[in-house]
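Here is a short report on a model with its sequence. Look it over before reading on.

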2 protein chains.
Amino acid sequence: MSDIDSLKQQLAEAEAALAAIKGSPDDISPLAPKTAPRVHPVRGVTLSAVAAEVRYRGRDDVMLMKLEAGSTLAGVFTKSSTRSAPVLWCERALEGLTAGGGPVGVIANAGNSNAFTGAAGEESTRAMATRAASALGTVPERVFVASTGVIGERLPHQKIEAVIETLAASLTADGWARCAGAIMTTDTFPKLASVQCEIDGVPVTISGMAKGSGMIAPDMATMLAFAATDANIGQSALQALLAEGTDVSFNAVTVDGDTSTSDTLLLGATGKAAHDRIEDAGDGRLDGFRAALRGMLQDLAHQVVRDGEGASKFIEVRVTGAETHAAAKTIALSIANSPLVKTAFAGEDPNWGRIVMAVGKSGEKADRDALTIRFGDILVAEKGWVADSYREEDGAAYMRAQDLVVSADVGVGNGAASVWTCDLTYAYVRINADYRS
Amino acid sequence: MSDIDSLKQQLAEAEAALAAIKGSPDDISPLAPKTAPRVHPVRGVTLSAVAAEVRYRGRDDVMLMKLEAGSTLAGVFTKSSTRSAPVLWCERALEGLTAGGGPVGVIANAGNSNAFTGAAGEESTRAMATRAASALGTVPERVFVASTGVIGERLPHQKIEAVIETLAASLTADGWARCAGAIMTTDTFPKLASVQCEIDGVPVTISGMAKGSGMIAPDMATMLAFAATDANIGQSALQALLAEGTDVSFNAVTVDGDTSTSDTLLLGATGKAAHDRIEDAGDGRLDGFRAALRGMLQDLAHQVVRDGEGASKFIEVRVTGAETHAAAKTIALSIANSPLVKTAFAGEDPNWGRIVMAVGKSGEKADRDALTIRFGDILVAEKGWVADSYREEDGAAYMRAQDLVVSADVGVGNGAASVWTCDLTYAYVRINADYRS
């Protein structure tokens with residue numbers, strides 16, 4: 001080989017090594033679903049999205065959702081003490097909401113989170129709600145506002161106000177996918193889920209969208225998620241069902257343990273389905289709906305993890321044998337949020353010692369000498385030490401899969417919980433060291 | 001330029017870019033102290049180190065410290081529920097310790113932490129203590145044992161027992177630096193500190209060593225730290241002084257929020273100084289000693305952060321205006337442990353929005369609309385929004401320094417606390433994704 005060919009080859013190799021580390025901002029997560037889910041329209045719900053150029057250029061960045069008069073709505077929000085003006089607005093709106101008023105609206109934008117923007121933040125939120133209410137034929141207090149993106153920069157709400165008439169004029173029942181694209185920020189794919197079930201023999205649909213890939217941790221787990229159903233469920237029952245489903249979905253996933261100031265999950269119910277109205281969340285007729293809702297919320301939440309910044313592995317952490325379910329969840333999150341555990345997964349290193357460390361630091365009761373750890377079905381450690389049957393090469397082979405399950409039984413009780421997370425890679429650092437540049 | 005020269009240049013650039021990301025395992029942290037500190041010998045203390053090849057080859061990996069008869073000793077340990085056999089041994093030894101017995105010993109090894117090794121772990125610990133006790137002319141219960149390194153592999157304690165006679169025969173008052181080298185694992189430099197002060201007009205010395213660069217978080221902040229003084233201080237007073245100093249040093253630093261199963265901090269006092277014995281930690285004659293001890297512990301703890309895996313920035317996070325000092329520390333740790341904050345520092349990005357996020361997620365009370373944030377002396381945000389005087393280019397210029405101070409006043413009370421941390425870089429991921437390979 002000539003010198004020049006040899007140099008060319010060395011250069012190509014060095015550049016490939018660099019690309020493997022750095023990735024490309026346009027890369028879609030390797031964990032993304034291979035096919036886009038089919039979203040069933042929800043009777044009484046229409047949506048639209050448009051480009052308002054709040055921050056991004058050449059893509060949709062504002063969306064509007066309309067739920068017809070008679071709808072109820074439930075919401076779960078970030079518990080951050082520095083939560084954004086739109087979150088505070090939604091909390092107030094939810095308190096005052098009754099099924100008796102006009103249509104309910106949701107207006108959301110991407111690129112600027114309108115968080116930590118002082119009094120100007122409230123002004124922007126109110127302006128968006130007011131203009132959307134007028135376009136939807138309702139009152140501002142029935143319009144829910146959500147913003148996601150950079151913190152601390154004033155939201156140019158005039159750009160959003162300027163497109164609201166266009167949004168209102170283009171509302172359509174099959175606007176879900178377009179809206180899911182409009183609310184993306186560092187997301188690499190739109191997140192959609194849709195299920196059907198029955199209430200009292202009547203077919204019912206639940207559809208939803210979500211966005212989020214960083215600052216993904218309880219509470220909340222995603223920055224924004226909007227879902228709707230045609231079920232006929234009273235306000236407080238709907239809120240109870242949503243809270244319950246969130247606990248095992250969005251509040252059971254974590255990417256980096258950080259919590260957004262903007263996290264908002266809304267679930268509307270239009271009541272268009274022909275079953276009798278149900279006011280009690282404990283009503284047995286809701287059993288199928290409850291399971292379907294939980295499944296749809298978990299689907300969306302898992303997609304958020306699968307789009308975790310820089311993620312190359314999707315990991316379920318199952319903890320059993322804890323004092324209580326809450327203790328199990330604390331231990332599972334301690335494992336799932338540990339940078340040492342997450343980098344070991346990135347390196348495909350079956351480093352079960354770090355699982356032991358993370359169990360130990362959780363603050364919850366665990367019996368070191370009864371601890372059992374499994375990678376998938378492989379028994380790794382039991383009774384406080386590596387299992388006789390365990391061979392490091394089996395663990396290493398298991399780690400090469402894209403979807404992993406790590407189980408820990410801590411040997412003190414019957415508490416159990418699962419959480420979902422992703423690994424911590426070079427790409428996470430790249431994305432977050434350059435986010436604003 | 002010829003094709004070949006151009007190719008050579010491109011190749012050199014690509015290789016430099018790769019090297020900058022990947023670093024070298026032999027690199028010393030860029031944050032390491034420029035000169036090694038001078039360590040004052042401590043009367044009544046001798047030390048030695050030797051290569052036992054527990055895991056490493058061609059370097060010291062076991063150390064022995066002897067405190068003459070009449071010494072007292074204080075200890076602070078990891079609170080992990082999966083703490084190692086040596087930690088459990090030390091906790092028991094400390095409970096039974098009285099000044100009246102024979103010499104006190106410390107035996108420590110690097111390369112294998114003897115953690116999560118079942119009943120074999122206890123056997124190894126006892127074997128090390130027993131052999132060291134016999135070599136030092138004391139009882140096993142007066143020998144403190146510490147091990148650091150890989151979790152879950154049986155410690156080949158026979159290799160350590162085999163060198164204990166050699167260690168005992170080579171004890172010397174100036175063995176501090178050599179021992180600091182022997183306990184290193186992923187550390188890139190040995191950590192030593194030494195101060196002198198007076199008690200009741202009598203000169204007193206405090207010297208110490210530490211190791212640790214990963215799993216650095218309260219409680220404890222370092223894996224191993226051994227210090228000694230010739231002061232004449234009773235057992236319970238010494239314990240109180242150490243606990244107090246640890247709170248603002250080792251328990252106020254964090255690298256990745258992970259907690260080791262082996263963290264051990266010991267402080268011996270030989271009583272060789274000519275002042276009267278002091279039994280009460282509140283005794284005014286200890287004021288100078290208390291401050292000197294705190295300074296020495298902070299020096300060691302800061303060195304641990306400066307050797308944080310992959311660290312390129314040393315960051316002090318100061319929180320004021322919290323409800324209590326404890327609340328201030330919780331908020332400071334929330335900022336210091338946030339992956340999004342730490343990657344922003346790595347990218348030299350003055351992303352104060354992430355500071356707001358981290359204050360909000362801490363769970364402690366904060367007034368969003370009274371929040372003040374400073375980078376060094378630069379006022380960045382006040383009253384819930386970016387300061388009028390703040391210019392992004394000033395923040396960006398500040399971020400390029402190696403040592404940074406970030407201050408947040410949360411506007412609800414008088415609680416204040418400082419913690420120290422480092423940034424989260426590509427190199428952290430590299431080191432931890434490959435640790436065992």
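## Two copies

By what turn and shift can chain B be laid on chain A? A turn of 180° and a shift of 0.1 Å along the axis do it, with an RMSD of 0.3 Å. The two copies are thus related as by a two-fold rotation axis. Copies are superposed by least squares on C-alpha atoms of residues with pLDDT of at least 70 in both.

This is a predicted model, in which local features need pLDDT of at least 70, side-chain atom pairs count only at pLDDT 80 or more, and totals for chains, interfaces and linings use all residues. Residues are numbered from 1 along each chain as its sequence is written, with chains lettered from A and ligands numbered from 1 in the order in which they are written.

## Where the copies meet

The copies meet through the same surface, because 100% of the interface residues of chain B are also interface residues in chain A. Contact means C-beta atoms, placed from the backbone, within 7 Å.

Helix H9 (residues 339-346) of chain A packs with helix H13 (residues 426-433) of chain B. Their axes, lines fitted to C-alpha atoms over the stretch in contact, lie 8 Å apart at an angle of about 75°. H9(A) and H13(B) are therefore roughly perpendicular (65 to 115 degrees). Leu340(A), Thr343(A), Ala344(A) and Ala346(A) meet Val429(B), Asn432(B) and Ala433(B).

## Around Ala417(B)

Ala417(B) sits in strand E16 (residues 415-422) of chain B; strands are DSSP runs of at least two residues, helices of at least four. Ala417(B) counts as buried, with 22 C-beta neighbours inside 10 Å (the cut-off is 20 or more).

Ala417(B) touches Val319(B), His325(B), Ala328(B), Lys329(B) and Ala332(B), leaving aside residues up to four places away in sequence. His325(B) is 92 residues from Ala417(B) along the chain, yet their C-alpha atoms are separated by 6.0 Å.

How values were computed
Axes fitted to C-alpha atoms, helices over the stretch in contact; angles between N-to-C directions. Parallel < 35°, antiparallel > 145°, perpendicular 65-115°, else oblique. Contact = placed C-beta atoms within 7 Å. Buried ≥ 20, exposed ≤ 12 C-beta atoms within 10 Å, placed from the backbone.
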